[in-house]
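Hello,

Here is the structure for your files. My notes come after it.

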Amino acid sequence: MDLKTGQGQGAGAAALVGAGRSMLRLLGPARGRNAIYAFALFAAAVLALWRGIALHGERVDLIDDAQSTTAVVTRNAVDGIDRALDVAELQLREVQGFIAREGGLDRLAPARLQQFLAKRAGVTAFDENILVANAAGDVIAMSNKGPSAPTNVADRGWFRAHGAVGSPAMVSAVRRDPATKRIAYRYTQAIPAPDGSFAGLVAVALPASFIAPPAQRALAQPLVSLWLNGSHFLFSNFMTFDAHGDPIPPVTPYRVMPKAQSGFLDGNPGAITAFSKGAPGRHLFATATVQRAEVLQRWHNEVATSLILFLVVVTVGGILARTAASLAEADRRARAALEESTRALTAALGERDILLKEIHHRVKNNLQLTSSLMQIQAQAFDNRHVRDAFKETQQRLYAIGIIHDVLYFGAAQPVVDMNHYLARLSAEIARDHDAAGRGIALRLDIAPVELVAEEATVIGLLTSEILLSAYKHAFPDEGGQIALDLSEKDGLVALQIAATGHGFSDGVAFEGSLGGRLVRALSGRLHGQYSFDGSERQNFHLTFRKFAGKGSAAPA
């Protein structure tokens, strides 16, 4: 098993576990199905309340607008007919004065009277027709034409009304001429005889072009009616006529004429009826009626539309709530599965750490066993050089064994603390070469550098080779000092070992020896640069770039 690969996989698994735990904290506990449904019902209730308040306000506004409209219409109706009757009354007074000046109807020539009536009819902007009839109802003259044939109006209602009521002035109901289809109403005044009796009347026919058939009335348009003395119907803005041209009056919207000048009638709860009285002398009374159902028809359509939309929203909301509840349940199950996987992965990582530490421990024990076997084997040789070669190999095995010992006691950390590692390694080599007895001091200046196990092993072997060479060649007679420095800056690691004395070689080129070949191979393993300097080649320098995803070279 490659140690660096195993440690990298362990670090990746640990990162995955941490990410899973972070995801669980981010998602939080799932909402229950009941909570989701309760929220959906609350949202639907709030929506219904908001829309209900809005619809109620719209209904109140529509009723208020209808009341305002009908009140204005009645006022305009009585004002309009009052103005028309004022003009007609001036006309009638002029005619009455002319007849009186001429000595009465009996002495006035019809032709002269017709000329005067035609002249008076052209004075105003009204398209009126003025006629004069005697007490028997015979028409004497008309403003628009002279009577080509004898005409009698004694059977007309407006003529009979003067005799029945005895009023000097009357406003008659509207009538449609069957021949010309012209719609007009009349304002008449009696012509008194010298003795005060009824000598005839003069009448002004006022056009009523504003009257239309009921079929032309728009929805929620008020029906305006004008009444005389509270009960006598004059006309409406929408009305029908019989075959004789007489009006078909509508139903009176009140039973008792109200005493107020204007206001609203309460007799029909299904309608809004406003009333307004005209000038006191004429006894005119106008009503404007609009059905509440017509006023609220658009509102009812909006209520129906809102109800349909509400049902759609509630249905869709219920579906979404059900979907959300299902998703929440699925999410809960997924998180439970993730938690179970996390626990299983954590347990697996714990087992992996235990197995990895056990591997490091066994490798260290095997290296120690191999070193002991080599020591026993070395005792079988009398040649000092052979024994030294065995001892140097033991030192190299010890340098590798310390790595596994550090990893074993380092809680399966993927990196090696070089300060602790090099201190142990250099101290062990110093004891093996009796540095204290020989007067050789060891000075360490090791920065807090952490390297992966493979790099730490190479550094340990290099340090071991250089120290072995120093203890062997640099101090043949007298003591001295060995300084070991390790530093790091921006990922570039520098190792320096300096020895006083005669340097790392006793005359034989260090590069040509086994140690020199190992130094070259190990430096190449790190992709580093090394050199020896000083007058006696006492200083060793090595620089290399820390492992950061670069390709790994073949083992030295």
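This is a predicted model: local features need pLDDT of at least 70, side-chain atom pairs count only at pLDDT 80 or more; totals for chains, interfaces and linings use all residues.

Residues are numbered from 1 along each chain as its sequence is written, and side-chain values use heavy atoms, without hydrogens and water.

The largest pocket has a volume of about 860 Å³. (A pocket is an open set of points on a 1 Å grid over the protein atoms alone, where a 1.4 Å probe fits, with protein on both sides within 12 Å along at least five of seven lines; lining residues have an atom within 4 Å of a point. Volume is the space filled by probe spheres set on the points.) The lining has 34 residues, and R156, W158, R175, D177 and R186 are the closest to the pocket centre. By class, the lining holds 16 nonpolar, 10 polar and eight charged residues. (Ala, Val, Leu, Ile, Met, Phe, Trp, Tyr, Cys and Pro count as nonpolar, Asp, Glu, Lys and Arg as charged, the others, Gly among them, as polar.) β5 gives the largest share, four residues. (Helices are DSSP runs of H or I, at least four residues; strands are runs of E, at least two.)

Now the helices. The axes of α8 (418-432) and α9 (453-474) come within 10 Å and cross at roughly 30°. (Axes are lines fitted to C-alpha atoms over the stretch in contact; angles run from 0 to 180 degrees between N-to-C directions.) The two are therefore roughly parallel, meaning an angle under 35 degrees. Their contact (heavy atoms within 4.5 Å) includes L422 and I429 of α8 and L467 of α9. Its residues are 11 nonpolar, four polar and no charged.

Best wishes

Notes:
Angles under 35 degrees count as roughly parallel, over 145 as roughly antiparallel, 65 to 115 as roughly perpendicular and the rest as oblique.
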